[in-house]
Amino acid sequence: MSIQQNLQSIKSSLPEHVTLVAVSKTKPVSDLMEAYNAGQRVFGENKIQEMVDKYEVMPNDVEWHMIGHVQSNKVKYMASFVRLIHGVDNFKLLKEINKQATKHDRVIDCLLQIKIASEDSKFGMTPEEASEIIKSEAFSELKNIRIVGLMGMATFTDDENQVKKEFDYLKNAFENLKSIKKDNCLLNTVSMGMSGDYKLAINCGSTMVRVGSSIFGIRNYS
Ligand SMILES: *Cc1c(COP(=O)(O)O)cnc(C)c1O
């Protein structure tokens, strides 16, 4: 099926409250444009340089989401345009995002990444660490960022029960943190679910799915 057909079929299966992030990492701009021309506006990339290169040539109304692990020293390259940073996993990074956002007189929305997988390779903090950050005085001073939700990546496994447990855990953490109200924290987004598990994620309460290969086909990293 074409990119346009893949998109249409996925979109028609999503409830209205669920945002589709089209994960276009490694894919050429021509593929992104095919999705764009089919109406897609939200794109996710996991490398800052690649996202910047695509931002420079794609239409202005694309919403760029950084879904990968972010190094503090690279935040400056995306601070002028990034719409949502999914993978924030420490306070130092939040401070840097705030600093760069201030330079551009913007407020940058962020998700805190929670480690839900059993694999060591996945990044993220515990719900307790997220709670401590949000409640801290130092966090309140960051006026140019806003925490709008949580993000998680489930274990890469065929065991649906395990994946469901991990999604439930993230949704539960979200519900527990939601009551915290601060000017720079308003939790309304749960980013979980990829090509293989987005339907399960939605059943577990996801409001934002990050789908790559089911739209653009398998990736070739060489
Ligand atoms: C690559 C990636 C995705 C999309 O993966 P697919 O299995 O191709 O849908 C989603 N989230 C993150 C963080 C990714 O790095």
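**View A. Helix α6 has exposed residues on one side and buried ones on the other.** In this predicted model, E128, E132 and K135 of α6 are exposed.

View B. Look for K25 in the loop between β1 (19-23) and α2 (29-37). With a relative accessible area of 15%, K25 is buried. An unreviewed UniProt entry annotates K25 as "modified residue: N6-(pyridoxal phosphate)lysine".

**View C. F43 and W64 form one of the two aromatic pairs in the structure.** Their ring centres are 6.0 Å apart and their planes meet at 35°, so this pair is tilted. F43 belongs to strand β2 (residues 42-45) and W64 to strand β3 (residues 63-66), so the pair ties together parts that are 21 residues apart in sequence. F43 is buried at 0% relative accessible area, and W64 is buried too, at 1%.

**View D. Y55 and F81 form a stacked pair.** Here the ring centres lie 3.7 Å apart with planes at 5°. Y55 sits in helix α3 (residues 48-57), while F81 is in the loop between α4 (75-78) and β4 (84-88). Y55 is partly exposed at 33% relative accessibility, whereas F81 is buried at 11%.

**View E. R41 meets the ring of Y36.** The charged end of R41 sits over this ring, 3.6 Å from its centre.

Definitions and conventions:
Residues numbered from 1 in each chain as written. Predicted model: local features only at pLDDT ≥ 70, side-chain atom pairs only at ≥ 80, totals over all residues. Heavy atoms only, no water. UniProt positions renumbered as here; feature names shortened; annotations may be inferred. Helix = DSSP H or I, 4+ residues; strand = E, 2+ residues; numbered from the N terminus. Buried < 20%, exposed > 50% of the residue type's maximum accessible area, 1.4 Å probe, protein only. Phe/Tyr/Trp six-rings, centres within 6.5 Å; stacked < 30°, edge-to-face > 60°. Lys NZ or Arg CZ within 6 Å of the ring centre and 35° of its normal.
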